[in-house]
Amino acid sequence: QVQLVESGGGSVQAGGSLRLSCAASGNIQSINVMGWYRQAPGKQREFIARVISGGSTNYADSVKGRFTISRDNAKNTVYLQMNSLKPEDTAVYYCNAAVKTWQRLVYGDYWGQGTQVTVSS
């Protein structure tokens, strides 16, 4: 199967920076989209950013200009550089990927377990 493991979360003051990483492992043939979502307490999970295998990116309006998504295809890893963090960025951040395995040969949707980001004012 496929596992997505996030790292890099933590606590930071407003205006600070954090870098999240998410590494995919398993019997992977290819990965199409890799992205990040977040869920704050009492709110629905929301889209933050995604990067397609060819390198094109999309961002939520709330993070444009502050967050940068990138990926290392050789390492099956996606990164989220978060700058100018605000208290409203506090949430659990989840990695998401569309992965094709050698067993199934169709893309499946996979999620990491999440990493907490806390921004204090």
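**Close-up views of a predicted model**

**View 1. The surroundings of S21.** Leaving out residues up to four places away in sequence, S21 touches V5, E6, S7, W36, V78 and Y79 (contact means heavy atoms within 4.5 Å). S21 belongs to strand β3, residues 18-26 (strands are DSSP runs of E, at least two residues, numbered from the N terminus). With a relative accessible area of 18%, S21 is buried (buried is under 20%, exposed over 50%, partly exposed in between, using a 1.4 Å probe and protein chains only). This is a predicted model, in which local features need pLDDT of at least 70, side-chain atom pairs count only at pLDDT 80 or more, and totals for chains, interfaces and linings use all residues. Residues are numbered from 1 along each chain as its sequence is written, and side-chain values use heavy atoms, with hydrogens and water left out.

**View 2. The open sheet around β3.** Four strands make up an open sheet in the order β1-β3-β8-β7, with antiparallel pairing (two strands pair if DSSP finds at least two bridges between them). At the edges stand β1 (2-7) and β7 (67-72), each with a single partner strand, so one side of each has no neighbour in the sheet. Let's zoom in on one pairing: β1 and β3 run antiparallel and are joined by six bridges. Q3 stands opposite S25 in β3.

**View 3. The disulfide of C22 and C95.** Here the sulfur atoms of C22 and C95 are 2.1 Å apart and form a disulfide (a pair of cysteine sulfur atoms within 2.5 Å). The link is left-handed, with -80° about the S-S bond. It connects distant parts of the chain, C22 in strand β3 and C95 in strand β9 (residues 91-101), 73 residues apart. C22 is buried, at 0% relative accessible area, and C95 is buried at 0% too.

**View 4. A cluster of rings.** Ring pairs link Y37, F47 and W111 into a cluster (rings of Phe, Tyr and Trp, the last by its six-membered ring, pair if their centres lie within 6.5 Å; planes under 30 degrees apart are stacked, over 60 edge-to-face, the rest tilted). Two aromatic pairs are found in the whole structure. Y37 and F47 have ring centres 5.7 Å apart and planes at 75°, so this pair is edge-to-face. Y37 is partly exposed at 24% relative accessibility. Y37 also forms an edge-to-face pair with W111, 5.0 Å centre to centre and 65° between the planes.

**View 5. Arginines over rings.** R45 lies over the face of W111, 4.7 Å from the ring centre (NZ of Lys or CZ of Arg within 6 Å of the ring centre and within 35 degrees of the ring normal). R19 lies over the face of Y79, at 4.1 Å from the ring centre.
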